[in-house]
Amino acid sequence: MLLLLLRGLIWGTQIPVEGDPIQHLNRSSAEPVALIGDLLSDARRFENGCSVLVAVRRIAGRPVRGRTEFSMRPCPERLLQGWRVRATGVLRRPSPGPHRLLPGPAERLARQGSWSQLRVSELQVLQRPWTPVADARRTIADRLQLVAGEERGGLMAALVLGSAQVPLPAELRQAFRLAGLSHALAASGFHLSVLLGACLSLGRLFGRGIRLLLAGGALMLFLTLAGAQPSVVRAVLMGTSALLIRGSGERSRGFGVLLMSLSVMLLIHPAWARSIGFQLSAAATAGLVMSAPALEARLAAALPGALVWLAPALAIPTAALLWTLPLQWLHFGSAPLYGVLANLLATPLLAVLTLASMLLALLSLWTPIGLIQGLAWPVQWLAGILISLVGWISNRHLLTRQPKLAQALTTL
């Protein structure tokens, strides 16, 4: 695994492939170009425009490979994942960030395999193919936000699909980041463990075969809805391995399952070694597997008898934080040390809210909206409590840190 990690870190940097749109910019950056491509996501909307990542198929009638980002002002009424479009505009290089800790469009797009942007002047939709997975994601997000509002419904949808699939208000994302709870909005092993735990508990009523079938279905459903993000793939591989080992009557070793899962990921996609999501997910899981049990035992021995129940609640976030601290300092320049307290307060509520949101999301695909509104009331109430808690924690952080942050940004 270490050899695969080194290979990915040293040689895993993504570079433009032959025929990438950036090569057309080098030839004539001032002249408009016409290209045909497939939208890789729904358009992200802003105050006065929108953008969307596109897999380019043809430029000036010639077949090419690569990606670019459309930048449109004003934004068309609808641009959905999977649509094939023809666009005309001027290609340009995205602007880099002012500092390594403040990445700009160039760094953001490079992580997605794109090195150019197209400022669109004309756009025409050529095909609207059937996209069942994208349609299901869109239906879940739209219906939850319709019945619970942009903030609460968006949070509920993010707990099911991950924030990469759901447009969330910037203030909500910022509050979760400042509170040290960004992982709650990213589809990861926590969300899968809640879903698997419910399926395995339910499966005990029907026997071993049904239990494994329910767990396998939950794994595939989670991967399908959340998408093949590094943290999701890692969680699904580990969950699948553990289920297969337990199903054969053997006992799984967490560290061995983690190493095998990470090795498979790096064999298939070496560039993931440079992904921040992959690094944080791997480090946090290693902390949970290797350090959390010993830390829990020490805390249980040190805490008074009435507070022994706090040992696992404190050990899990502490182990994850300690193992991810170096990466957080490296990539973000800081780390929320109060995240242990934030996780201690939020995790019980987050677990219940995640499971309830998942059940509501599945019902929203087939149930009339009127019934969903009735069922959603207690769930959105829980979402409101979590948002208030996160807002309180993040505001406490701002009261103590905002002056230093503002001074640092001004100096930079």
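Modeller: Let's start with Leu-196, which sits in helix H7; helices here are DSSP runs of H or I with at least four residues, strands are E runs of at least two, and both are numbered from the N terminus. This is a predicted model, where local features need pLDDT of at least 70 and side-chain atom pairs count only at pLDDT 80 or more, while totals for chains, interfaces and linings use all residues. Residues are numbered from 1 along each chain as its sequence is written, and side-chain values use heavy atoms, with hydrogens and water left out.

Colleague: Why is Leu-196 called buried?

Modeller: Buried means under 20% relative accessible area, exposed over 50%, and partly exposed in between, with a 1.4 Å probe and protein chains only. Leu-196 has 12%, so it counts as buried.

Colleague: What is Leu-196 in contact with, leaving aside neighbours within four places in sequence?

Modeller: Ala-215, Ala-218, Leu-219 and Leu-243; contact means heavy atoms within 4.5 Å.

Colleague: And what makes a set of residues a nonpolar core?

Modeller: The members must be buried Ala, Val, Leu, Ile, Met, Phe, Trp, Tyr or Cys, joined through side-chain atoms within 4.5 Å. The largest such core here has 55 residues, and Leu-155, Phe-176, Leu-353 and Leu-386 have the most contacts inside it. Among the elements giving it two or more residues are helix H7 (189–203), helix H14 (339–364) and helix H15 (369–411). A second, separate core has 23 residues, including Cys-50 and Leu-118.

Colleague: Which residues does Phe-176 touch, not counting those up to four places away in sequence?

Modeller: Leu-155, Leu-181, Ser-182, Ala-184, Leu-185, Leu-386 and Val-390.

Colleague: Why are H9 and H10 called oblique to each other?

Modeller: They pack at about 130°, with axes 9 Å apart. Axes are lines fitted to C-alpha atoms, for helices over the stretch in contact, and angles run from 0 to 180 degrees between N-to-C directions. Under 35 degrees is roughly parallel, over 145 roughly antiparallel, 65 to 115 roughly perpendicular, and the rest oblique. H9 and H10 are therefore oblique. Residues that meet there include Leu-237 in H9 and Leu-258 in H10.

Colleague: How do you know that E1 and E6 pair?

Modeller: DSSP has to find at least two bridges between two strands. E1 (residues 33–39) and E6 (residues 84–92) have six, in the antiparallel sense. Asp-38 has Arg-84 in E6 as its bridge partner. E6 also pairs with E7 (residues 117–127), again antiparallel, over nine bridges, and Gly-89 stands opposite Val-120 in E7.
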